[in-house]
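Trainee: Can we go through this one term by term? I want each label set against its cut-off.

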Amino acid sequence: MSLTVKQIESAKFASGPERLSDGHGLYLRLFSGGRKSFIFRTPVTSGAVTWITLGSYPEMGLKDAREKANIIRGLFADGKTVADVRELLSGKEHAQPGLLDFLNKRAPSYVDEESDEGDFTGYPDFDGDALDISMSEEDGPSPMQQIPHPTLSLALKLAATFGSEDAFIACFGAPSSVFVLGNIEPQEVALAQDLLTLIVMPPGWIVASEARMLKGEPNALCLLAPEITNGRVAERVLNIFGSDIRTALSLPDRLFVLVPRGCEFPPDLKRALPAPVPIAPLSRAICGEHLRYSHGLGDGKNQVLLEQLPDEKALTELPGSVLSAALRAPTARGVVDRLSSAAEKSSKRQKPDGPRLEDMDGNSPALQAARHMVADLAAWKEGTCEWSELTRSMILHGPPGTGKSWLARAMGASAGVDFVQASFAEWQSAGHLGDMLAAMRRAFAGAIAKKPSILFIDEVDAAGSRYDTDNNNSSYRRQVINAVLEQIDLLMREEGVLLIGACNDIATLDPAILRPGRFDRKVQVPLPGKVEIAGILRSRLPAKFPLSEIDDLARAAIGMTCADVDAAVRQAKSIARSQNRALEFHDLRTLIGYSHSEADQALDWRIALHECGHAIVATALALGPVTRIMLEPLGGETVTQNRRNQSLLRDVHAGIACLMAGRAAERLVLGEISAGAGGSRQSDLARATNMALQIDHQLGLGAYGPVWRGDADGLALHDPAQRQRVQQRLLNAETLATRILQHHQPELEAMAKALMEDRELVGKRLEKMLESITPDTGIMEVSTRETANDKETNQPQ
């Protein structure tokens with residue numbers, strides 16, 4: 001009558017195949033509608049499963065049902081047969097299938113997850129009022145039949161979870177005790193309810209699905225679980241489930257809660273309920289016991305085959321549908337081979353796409369931060385440091401295609417932990433606000449369930465800010481941001497999960513999201529340099545390509561994003577395949593890099609002068625160290641680490657002069673300027689104009705004195721006097737930049753030629769070129785002399 005589960009922590013538990021298949025037992029039920037009912041488990045056994053429906057609640061109360069149940073128990077105790085009971089008790093007969101058929105009907109379907117919405121037993125024609133007695137003893141015990149694989153697998157996992165019947169009873173033996181069983185696959189929740197109620201629960205106990213109906217009954221408990229729809233718990237159902245739990249907690253009866261994987265309780269219930277005990281995962285031992293019953297695996301062969309199964313972690317990650325498909329193999333050897341093959345395929349799919357951190361060249365701040373976090377995670381896993389000592393979160397920001405996702409996946413590959421990827425777009429596609437928040441919670445819960453792990457959230461800037469001046473959807477945005485903050489805070493309390501975010505525009509994010517403790521580090525990911533591009537090419541190209549050719553390609557690709565380089569390599573390989581030949585260097589050369597035409601060379605020379613002009617003036621005015629100058633396919637970039645200053649008027653004029661230095665360099669060497677300084681709101685000219693406006697409108701350093709006039713914008717330039725002041729400031733700034741560049745014109749042209757050749761200047765070489773440019777504070781005097789009589793002109797004075 002009970003299953004001895006060998007090799008599962010020596011568990012002996014009365015929930016096994018023999019009971020499931022033989023189907024002995026007498027069950028007395030008080031029906032309450034839907035899946036709600038009371039089950040009286042009796043000590044009496046019969047030759048087959050016997051259901052007796054005592055009545056319908058609330059027409060028949062629990063007290064009357066108990067009295068009627070005691071009468072029926074007494075009849076069987078006196079030796080009465082089912083036929084005798086039929087004669088002694090009134091009511092119509094209702095033929096019902098055996099327990100095996102019942103479990104077959106209740107077993108989850110991995111093809112169609114729509115659950116049966118009938119009553120507890122799954123019999124749609126049950127009227128709930130009659131006395132039902134099924135399968136008389138004269139029919140004899142049912143023969144041994146094949147148990148559905150999901151049913152057997154779940155029964156074994158329950159057995160391994162509790163270990164013994166005594167241990168199971170101890171979980172809720174004390175009055176008013178609360179027990180939470182968690183991490184159950186959503187499609188197994190209904191079946192777990194059935195197994196716990198009909199098979200695992202000891203005789204003499206009452207199980208109810210509504211707490212308020214027990215009213216302090218001894219040997220009784222309330223078993224609560226959420227309804228599963230399409231493999232998940234809907235937000236509405238989660239709210240109802242939480243309300244049912246709160247009601248049950250307010251009553252004195254025992255409470256047993258089933259929590260599906262990915263189901264997140266509100267904060268109050270997380271504090272009120274004990275920590276969930278996770279259901280035992282699928283293991284080699286459980287697989288061996290499963291095969292012993294389903295495929296006749298003998299003890300002698302058991303250990304040999306168990307050693308050939310996938311490891312415990314790989315087995316745990318296999319979906320139930322994969323396990324069921326593997327168990328269809330006719331032999332135990334076939335099952336093991338199928339499981340091993342599925343685990344290998346799953347491992348390949350889960351491997352992060354891209355290189356490991358160890359394979360990535362360069363020493364950018366983002367790469368350094370990634371390496372430090374992975375090293376710290378490894379130290380924590382080894383026990384050499386505390387989790388509280390680690391940097392646990394980082395947000396990567398920068399233009400699209402710069403490799404933020406690539407870097408995050410490389411962290412997952414190097415750390416050797418589960419990599420959980422999510423995005424705001426994915427969450428929003430789940431449906432309305434409630435569905436989106438549920439999808440968000442599932443992502444965070446999934447990362448916690450797989451710890452140690454890395455949770456990567458892309459497109460974080462889609463969250464926006466609660467302080468955005470755009471009032472459209474402000475309520476929706478506020479609720480989303482509040483939910484994000486809540487989930488990050490909960491995640492930060494867990495040990496073993498690193499949080500990595502990525503966004504393009506970090507300035508649009510809510511300040512509360514960016515504060516330390518949520519995202520500890522904020523790291524910019526700029527366009528890749530020559531070293532980084534060379535590393536990408538080496539990882540994507542065949543080994544036959546010599547390093548000199550790869551370096552030449554990397555130099556030509558400077559200014560391209562990581563995504564651009566990766567796309568170019570894939571396109572080149574596609575061209576070679578279409579021509580039925582191997583990839584050649586010229587395939588890539590036509591797709592990557594700059595043109596050698598005379599017109600393009602002239603444009604690159606102008607851009608090089610422009611960018612080097614910014615670098616020289618920034619150094620001369622001591623604005624901060626210049627760390628990088630590069631040519632891009634459609635322009636250039638100069639990166640300066642701005643120093644803190646006192647925000648004096650001369651500091652503002654110095655910043656404007658640096659922005660105007662590109663125009664000044666073009667005019668100085670080439671004799672005329674281009675439109676390269678203008679264009680978008682982020683252009684040199686737009687930023688310089690805005691700074692000149694701020695002097696009067698926001699900084700209290702201009703014509704209006706100590707007055708803040710609001711955000712400066714283009715409308716302010718409609719005032720002729722204001723327009724003249726701004727224009728004069730810009731012309732004065734360009735004059736200052738021109739004087740500096742005239743003094744350093746040889747260095748300007750030499751630096752521009754070097755930039756033309758290498759496409760990028762960084763590190764020691766750039767420092768050496770700029771070391772002859774010494775800061776000169778005296779040269780700033782000309783820029784700070786502002787008079788009302790400054791003459792408006794189109795040329796610098």
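Trainee: How do you know which stretches have pLDDT below 50 or under 50?

Mentor: pLDDT is the predictor's confidence in each residue, from 0 to 100. The chain mean is 77, and 76% of residues reach 70 or more. Over residues 1-26 the value is below 50. Residues 90-145 stay under 50 as well. Where pLDDT is low, the predicted coordinates should not be read in detail.

Trainee: Why is Cys263 called buried?

Mentor: Buried means under 20% relative accessible area, exposed over 50%, and partly exposed in between (1.4 Å probe, protein chains only). Cys263 has 12%, so Cys263 is buried. Cys658 has 13%, so Cys658 is buried too. Of the 797 residues in the chain, 50% are buried.

Trainee: What makes Glu358 and Arg356 a salt bridge?

Mentor: The cut-off is a side-chain nitrogen of Lys or Arg within 4 Å of a carboxyl oxygen of Asp or Glu. Their N to O distance is 3.5 Å, so the pair meets the definition. Glu358 is exposed at 54%, while Arg356 is partly exposed at 37%. The structure holds 22 salt bridges.

Trainee: What does the Lys451 to Glu494 pair tie together?

Mentor: The closest N and O atoms of Lys451 and Glu494 are 2.8 Å apart. Lys451 lies in the loop between helix H18 and strand S13, and Glu494 in the loop between helix H19 and strand S14, so the pair ties together parts 43 residues apart in sequence. Helices (H or I, at least four residues) and strands (E, at least two) are DSSP runs, numbered from the N terminus.

Trainee: How do you know what span to expect for H29?

Mentor: The expected span is 1.5 Å times one less than the number of residues. H29 has 14 residues and reaches 20 Å, close to the 20 Å expected.

Terms used:
Residues numbered from 1 in each chain as written. Predicted model: local features only at pLDDT ≥ 70, side-chain atom pairs only at ≥ 80, totals over all residues. Heavy atoms only, no water. Contact = heavy atoms within 4.5 Å.
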